[in-house]
Amino acid sequence: MTSDILVDTARTLVGSGRGLLAMDESVPTCNRRFAEAGIPQTGEMRRRYRELLVTTPHLGACISGAILHDETIRQATGDGTPFLQVLAEAGIVPGIKVDTGAKPLALRDGETVTEGLDGLRARLQAYCAMGARFAKWRAVLAIGPHTPTACAIAVNAHALARYAALCQEAGLVPIVEPEVLMTGAHSLARCGEVTGELLSCVFEQIGRQGVQLDGLVLKANMVLPGLDQPPAGQVSAQEVADATLRCLLAIVPPALAGIVFLSGGQSAELASLRLNAINAQSTVPRARIPWTLGFSFARAIQQPALHLWQGFEANTVAAQQVLFHRAACNRAALHGAYDP
Ligand code: 13P
């Protein structure tokens, strides 16, 4: 019975022509984004900002699921309506980030392993009882001359699979997010190689630990050249789409419920443009692609709205309109209809 529930939830998340809004920034990350935008970094401002997000009119037309943070899942609007109720009324499935962050990996200078497995079974049960229906765990790997090491890939893949198995045991769909960062001077091809190595290891562990593929969603990075590549090394949206799809097709099992992309620091417009190309402009024949290819963006949906809001009540409606616009752009990109 649990397995049917997982499949149904996963299909709602990725198969309903909508995408995910990641709004699961940890308190330090949310505060950092507030500081950059000149917004006071208080609990009340974070609550008001998250209220702006969840109460955006018609958001459920474009967003199937919202990834919350432990702080946010317990919060309510100014009039006392729990965010979970607001989301349910909008037809948006609530999810929860459950990792406790990327921590320095011992004896591996500069590399990280994502933590949060201790006590996870009990936390998942508690979130499920609160109403969460899916979860998220993010591993972070950076490309450098000698990184990521096989060790960093292996420990992060193992933890992702352990998390995924625990989620399914609790009746929550795991969103498995192994992220290769855009920072660095690497080429598109190198990003493809590293992403491929990482995904191979993740799916090997997922198979070994008995995780059900059709009750799991992969949250992947697009295959991109490093941000420090000179302009000549930057590439078209179609090249990104081809490299991304060829990498995924070589490794990701077809039985997966779906794949959603993170935005990773791309501008909102570029993320939509590339998602559109992945869905409609690749030279890879559409018939060869077995999964729904969607989005689970944080910055690429939120950033323009956050900068417009600036923490002022008077800007809320305009910020919500911008937020809805980005969500609608990405919904259009799911079927190649994004028009920048
Ligand atoms: P970005 O879309 O900003 O990369 O965030 C997605 C996310 O959930 C990171 O864990």
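Modeller: Pro148 is found in the loop between β6 and α7. The labels are DSSP runs numbered from the N terminus, with helices being H or I of at least four residues and strands being E of at least two. The peptide bond from Thr147 to Pro148 is cis, with omega near 0 degrees. Most peptide bonds are trans, and most residues other than glycine have a negative phi. His58 has a phi near 65 degrees, a positive value in a residue other than glycine, and lies in the loop between α3 and β2 (63-68).

This is a predicted model, in which local features need pLDDT of at least 70 and side-chain atom pairs count only at pLDDT 80 or more, while totals for chains, interfaces and linings use all residues. Residues are numbered from 1 along each chain as its sequence is written, and side-chain values use heavy atoms, with hydrogens and water left out.

Helix α7 (residues 150-170) packs against α8 at an angle of about 40 degrees, with the axes 8 Å apart. That makes α7 oblique to α8; angles under 35 degrees count as roughly parallel, over 145 as roughly antiparallel, 65 to 115 as roughly perpendicular and the rest as oblique. Axes here are lines fitted to C-alpha atoms, for helices over the stretch in contact, and angles run from 0 to 180 degrees between N-to-C directions.

Ile153, Ala154, Ala157, His158, Leu160 and Ala161 in α7 meet Glu197, Leu198, Cys201, Val202, Gln205 and Ile206 in α8, contact meaning heavy atoms within 4.5 Å. By class, this contact of α7 with α8 has nine nonpolar, two polar and one charged residues. Ala, Val, Leu, Ile, Met, Phe, Trp, Tyr, Cys and Pro count as nonpolar, Asp, Glu, Lys and Arg as charged, and the others, Gly among them, as polar.

On the strand side, helix α8 (residues 188-208) lies across β6 (134-141), β7 and β8, and runs at about 150 degrees to β7. Strands β7 (residues 173-180) and β8 (residues 217-220) run parallel and are joined by two bridges; strands count as paired if DSSP finds at least two bridges between them. Val176 stands opposite Leu218 in β8. These strands belong to a barrel that eight strands close in the order β1-β2-β3-β6-β7-β8-β9-β10, with parallel pairing. The twist averages 25 degrees from one strand to the next.

For reference, another helix pair. The axes of α11 (residues 299-309) and α12 (residues 316-333) come within 8 Å and cross at roughly 165 degrees. α11 and α12 are therefore roughly antiparallel to each other, and their crossing is right-handed. The contact of α11 with α12 has eleven nonpolar, three polar and one charged residues.

Helix α3 packs against α11 at an angle of about 125 degrees, with the axes 12 Å apart, and α3 and α11 are therefore oblique to each other. Met45, Arg48, Tyr49, Leu52 and Leu53 in α3 meet Gln302, Leu306 and Trp309 in α11.

Key:
Left-handed = near helix turned anticlockwise from the far one by under 90°.
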